[in-house]
Amino acid sequence: MRNIKLTIEYDGKEFNGWQKQPQKLNIQGTIEQAIKSITGEEVTLNASGRTDAKVHALGQVANFKTNSKIPIEKFPIAINTKLKKSIRIIKAEEVDEKFHSRLTCKKKTYRYIINNSKYGTAIYRNLETNISNKLDEKKMNEAIKYFIGEHDFKAFKASGTSSKSSIRTIYDAKVYRKEDRIFIELTGNGFLYNMVRIIAGTLVEVGNGKIKPEDISKIIASKKRENAGKTLPPQGLYLVSVEYED
């Protein structure tokens, strides 16, 4: 039995998230069907984590077990021929049988993209979120540094999350601007349901001058969701990369 690790890129616009669900178009089920069509096997694809409806990925990681003798370098080509153009397998690797995309994951990096132009964009409207009033990205970058470290992120999780603990560690965090676009990036050992989108919404309040950068530590300490900002829309969010120990 071979253990195959896939690195996957997808445009989440038309999908109801990663997780397999009956009667709803999802990424996991779509890829599993593609694998079945080339190997003849029913497989279970284990992802590093679930992404929500309309959320994108540049480097989602998932693994599955197979008896197929297809050469490893042929897997991306073969699977991609059976997939919608909005999903691409960009890499396949044969890994140790103990490797599990979620259970052995050490770090994840997420990016949120804000189009900070007055009128937004027609072309990229499903790939970013437009906020038309001018944001101060320097203050946002000052504020995001308060998230670095181990904290209880209860104030930044949506209701309905299944996680028992809301304690997470953020290793790196930054905000930067490229012309009309503001990028928010967070690297951590894990993220709560809607955590990145709520952090992004809170940073927008900082950029608007409604919250001071130094108030972030107070919001974290309060553990109260109402003290943080709004949850920004899903289409601006990307799972950029997943890291594992060598």
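User: How much space lies in the largest pocket?

Analyst: In this predicted model, the largest pocket holds about 1100 Å³ of space. It is lined by 37 residues, and those closest to its centre are G49, R50, R102, K108 and F191. Two or more lining residues come from each of β2 (46-47), β5 (105-115) and α4 (195-207).

User: What makes a residue count as part of the lining of this pocket?

Analyst: A lining residue has an atom within 4 Å of a point of the pocket. By class, the lining comprises 14 nonpolar, 17 polar and six charged residues.

User: What share of the residues in the protein chain is called buried?

Analyst: The term applies under 20% relative accessible area, and 51% of the 246 residues are buried.

User: Which residues touch the most other members of the largest nonpolar core?

Analyst: They are L6, I31 and F156, in a core of 65 residues. The largest share of this core, eight residues, comes from α4.

User: What does F156 touch, not counting residues up to four places away in sequence?

Analyst: With contact taken as heavy atoms within 4.5 Å, the partners of F156 include F147, Y193, M195, I198 and A228.

Conventions
Residues numbered from 1 in each chain as written. Predicted model: local features only at pLDDT ≥ 70, side-chain atom pairs only at ≥ 80, totals over all residues. Heavy atoms only, no water. 1 Å grid on protein atoms, 1.4 Å probe; cavity = no way out; pocket = protein on both sides within 12 Å on 5 of 7 lines; lining within 4 Å. Points joined across faces, edges and corners; volume = space filled by probe spheres on them. Helix = DSSP H or I, 4+ residues; strand = E, 2+ residues; numbered from the N terminus. Nonpolar A, V, L, I, M, F, W, Y, C, P; charged D, E, K, R; others polar. Core = buried A, V, L, I, M, F, W, Y, C linked by side-chain atoms within 4.5 Å. Buried < 20%, exposed > 50% of the residue type's maximum accessible area, 1.4 Å probe, protein only.
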